Amino acid sequence: MNLARVEHYFSDFLSVLESRHKEHGQIITDAVLSEDQIVRMKIDPLGPSAAALKRLKAQPRPLGIPPNLFIVGTVNMDETTQPFSRKVLDRANTLEFNDIDLMEGVNEDLPEGEVPPLNLSSDFLIGEFASLVDIPPDKKEIASHIASFLQELNRSLVIAGFEVGYRVRDESIAFSIYGRAAGMSMEEAKENIVLQKVLPRLQGSSPRIEKALISLMQQFAGDEEIAEPESPIFFERLTSLRTRSDASPVLRKIAGMLLIFREEGFTSYWLA
């Protein structure tokens with residue numbers, strides 16, 4: 001998705017996301033394409049969507065984002081790609097797939113023939129609410145807990161000017177409600193919020209970035225012994241924490257970001 005800047009080709013979609021609201025039991029949005037725009041669209045007779053566009057032009061109606069449409073994209077973060085702005089990151093959940101096992105498939109007998117398709121339903125992905133107004137009374141406690149958690153995180157994030165706002169709050173609350181219903185613990189939900197919504201926004205070369213990351217690490221330290229930044233063993237503790245499989249994923253990620261900062265004078269979520 002980031003071979004070009006996402007905002008350059010996805011800006012209308014990102015804006016329309018803000019209009020989500022519940023009506024007659026369904027989540028709907030403002031139009032991505034108005035009737036007038038549809039009427040003026042030219043049909044490419046050789047294009048794959050020519051027939052669908054002809055039917056639409058015959059009976060034009062505004063097109064929004066239906067509740068059963070989900071946008072999932074892959075990105076690479078290297079010198080050939082474009083970075084993400086906070087506008088994009090605030091509207092998405094970032095999932096990392098960085099674990100590599102080079103021995104996988106090498107010493108195994110691979111199955112022959114076609115892999116049978118899975119019959120899966122997307123119903124479980126469809127959202128039940130679009131804003132805090134739609135949250136049922138029995139979920140208000142979760143909403144309050146997550147809002148308080150993010151308020152506490154902002155005390156660390158404000159050091160570097162990266163505090164989260166209402167959009168991240170609302171999406172984090174929704175994520176936590178769905179996660180809890182799926183069997184996720186509250187601690188797991190909070191860790192995933194930090195990994196998916198908070199840390200991807202942090203990057204830069206300012207000393208304030210390091211201070212914010214250290215403050216976040218201390219918030220999540222729990223029983224972990226975190227050395228003081230001025231300590232001669234601080235770098236050693238970060239290295240150990242970054243590679244320990246039994247450590248919290250959030251602490252491992254923050255340790256990686258701090259190590260990069262100490263070595264390069266710059267850090268980001270994507271480098272660690």
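Tutor: A search of the whole structure finds 14 salt bridges, a salt bridge being a side-chain nitrogen of Lys or Arg within 4 Å of a carboxyl oxygen of Asp or Glu. The model is predicted, so local features need pLDDT of at least 70 and side-chain atom pairs count only at pLDDT 80 or more, while totals for chains, interfaces and linings use all residues. Residues are numbered from 1 along each chain as its sequence is written, and side-chain values use heavy atoms, with hydrogens and water left out.

One of the pairs is Glu18 with Arg167, at 3.0 Å from N to O. Helices (H or I, at least four residues) and strands (E, at least two) are DSSP runs, numbered from the N terminus. Glu18 is partly exposed at 44% relative accessibility, and Arg167 is partly exposed at 28%; buried means under 20% relative accessible area, exposed over 50%, and partly exposed in between, with a 1.4 Å probe and protein chains only.

A second pair is Glu96 with Lys253, whose closest N and O atoms are 2.9 Å apart. Glu96 sits in the loop between α4 (86-89) and α5 (140-157) and Lys253 in helix α10 (residues 249-264), so the two tie together parts that are 157 residues apart in sequence. Glu96 is partly exposed at 33%, whereas Lys253 is buried, with a relative accessible area of 5%.

Asp246 and Arg244 also meet in a salt bridge, at 3.0 Å from N to O. Asp246 is exposed at 59% and Arg244 partly exposed at 27%. Shared partners join Glu18, Asp90, Arg91, Arg167 and Arg201 into one network of salt bridges.

Glu96 leads on to the second largest pocket: with Asp99, Leu195, Pro249 and Arg252, Glu96 lies nearest the centre among its 15 lining residues. On a 1 Å grid over the protein atoms alone, a pocket is an open set of points where a 1.4 Å probe fits, with protein on both sides within 12 Å along at least five of seven lines; lining residues have an atom within 4 Å of a point. The volume of this pocket is about 510 Å³, counted as the space filled by probe spheres set on the points. The largest share of the lining, 4 residues, comes from α7.
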